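This report describes the fold of one protein chain for a reader new to structural work. Please keep the sequence and the model in view while reading.

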Amino acid sequence: MAAPLPFSLFIIVLSTTAVHASAATAAAFPREALPTKSGYLPIPPANASLYYAFYEASHPVTPPSSTPLLVWLEGGPGVSSLASNFFQIGPYTFSPGRNNASVPLSPNPFAWNRRFGLLFLDSPLGTGYSAAPSRSVIPTTQPAVAEHILAALRSFLAAHQSPARPLFLTGESYAGKTIPAAAALILATNQELPERRRINLRGVAIGNGLVHPVAQVTTHAATLYFMGLINERQRRDAEATQAEAVALVRAARWREASSARERLLASLRNATGLASLFDIEAAGTEATLQAVAPVVEALMNSAEVRAALGAAEGGAPWRLVSPAVTAALYDDEMKSAKRDVEAVLDAGAGAGASPRVRVLLYEGVRDVHDGPVAAEAWLRELEWEGLAAFRDAPRAVWRLRSGRLAGYVQKHGALVHVAVYGAGHLVPAAQPRATQEMIEDWVFDKGLFGGAAAA
């Protein structure tokens, strides 16, 4: 049985956004909302490519050759990166409550391309506009996904940018596995290349990530119990299923482990009555998503919008979530990316005063699914020389420049961990100002997110 849509939290944004496909199609997108460049980047196998949409920095503070480039990878697996482009971090977004159907997009003052170039990739192959030549070539493992991302990035940098431009891999949710896998592959490949051909990877940022599921799956019952959302008996029942999932992972029975995790999460949703464990304050249901998704899909599949975004004419229909990709990676669900994170952190211990490659983890505190508690569970298992010092590091209160509470920051060496207040799974959607401040300060290695120890 297929899992509930991993990105059901988009219903919060979608269900409150006036998106009228017919009117939006007629007007297409405002010129200012169009990507700087978009199209397709070739990858193996033959006749395959990943769709991309690139937005150059709108207000950079660095020369073009040194302006950081953020690459956004979406979760799911199988959710199009354009979801976060047009509903979270892109320069123009669909605005909640807006009822002007003739111009459905509005400027986003908290866009992530204010200071940086921002590259959205529809990955894995088969996601969004990245149509797969056949189902048989859709990747089924993270190493295969990472190979495609590396090939796409090398094509993009060769055609449009300089490999020396500082690059940061970013994303959320299921991309918590893809980002470390791709980063570790880039770092390993760089060692075999002359310096002029290396990708200048400087960091990875993962929001509410599924990274090391065997540790994360053990946290759900206790988290809900101490929130008062389940009782002791329900906690015991849930912990029995959690233990079953862990045992199946240890036995490398991946499909059965994924099924056990899904049964656990479904039972906890039923026990709590919550619309979603991704955000305990979320309103909405799977039925709402199913009702709204066709409207968004009709918009993205219109001839005018496809042409405006550089998508192939007459290609496979764009879908918010690709069932084929979700199914292809079902056995991957409970596999871990911890070793890849460790490889990146080890690279962060390079020579010089500041780490060469840095890691940012951030989660909304309202996320029971992949929130701060789940992140701390897998962080404890890291095999990294800086772990003891990180765990002993102080946790600083983070306030916005306005003085409003934004969250909590703990850091040591290459690793920064942030718990974001007032947010669930989709942190940039819930706290756009805070996440823009966070990502900008972290990339520029300054302030609370910089290399100095938290006070």
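## A covered strand and its partners

Ala48, Leu50, Tyr52 and Phe54 point one way from β2, while Ser49, Tyr51, Ala53 and Tyr55 point the other way, and all are buried. Here buried means under 20% relative accessible area, exposed means over 50%, and partly exposed lies in between, with a 1.4 Å probe and protein chains only. Strand β2 covers residues 48-55, and eight of its eight residues are buried. In a regular strand, side chains alternate between the two faces of the sheet. Helices (H or I, at least four residues) and strands (E, at least two) are DSSP runs, numbered from the N terminus.

β2 pairs with strand β1 (residues 37-43) in the antiparallel sense over seven bridges; two strands pair if DSSP finds at least two bridges between them. Leu41 stands opposite Leu50 in β2. The two strands β1 and β2 form a hairpin with four residues between them, and Asn47 in the turn has a positive phi of about 65 degrees. β2 also pairs with strand β6 (residues 117-121), in the antiparallel sense over four bridges, and the bridge partner of Ala53 in β6 is Phe120.

## Basis of the model

This is a predicted model, in which local features need pLDDT of at least 70 and side-chain atom pairs count only at pLDDT 80 or more, while totals for chains, interfaces and linings use all residues. Residues are numbered from 1 along each chain as its sequence is written, and side-chain values use heavy atoms, with hydrogens and water left out.

## The chain as a whole

The chain has 17 helices and 12 strands. Of its 455 residues, 58% count as buried. Its accessible surface comes to about 17,400 Å², of which 53% belongs to carbon and sulfur atoms; such areas come from the Shrake-Rupley method with a 1.4 Å probe, and for residues only the protein chains shown count as cover.

Among contacts (heavy atoms within 4.5 Å) between residues at least 6 apart in sequence, 74% join residues at least 24 apart.

## Nonpolar cores

A nonpolar core is a set of buried Ala, Val, Leu, Ile, Met, Phe, Trp, Tyr and Cys residues joined through side-chain atoms within 4.5 Å. The largest has 53 residues, and those with the most contacts inside it are Leu153, Leu167, Leu169 and Trp378. A second, separate core of 49 residues includes Tyr51, Ala83, Leu118 and Val296. In soluble globular proteins, nonpolar side chains tend to be buried together.

## An enclosed helix

Helix α17 has 12 residues (432-443), which should span 16 Å at 1.5 Å a residue, and its end C-alpha atoms are 16 Å apart, in agreement. The expected span is 1.5 Å times one less than the number of residues. Because 10 of the 12 residues of α17 are buried, the helix is largely enclosed by the rest of the structure. Among the buried residues are Met438, Ile439 and Trp442. Just after α17, Asp445 takes a positive phi of about 55 degrees.

## Two loop residues

Trp384 is found in the loop between α14 (372-379) and α15 (387-392). At 11% relative accessibility, Trp384 counts as buried. Not counting residues up to four places away in sequence, Trp384 touches Leu345, Asp346, Phe390, His412, Ala414 and Leu415.

Glu313 is found in the loop between α11 (303-308) and α12 (323-328). Glu313 is exposed, with a relative accessible area of 81%.
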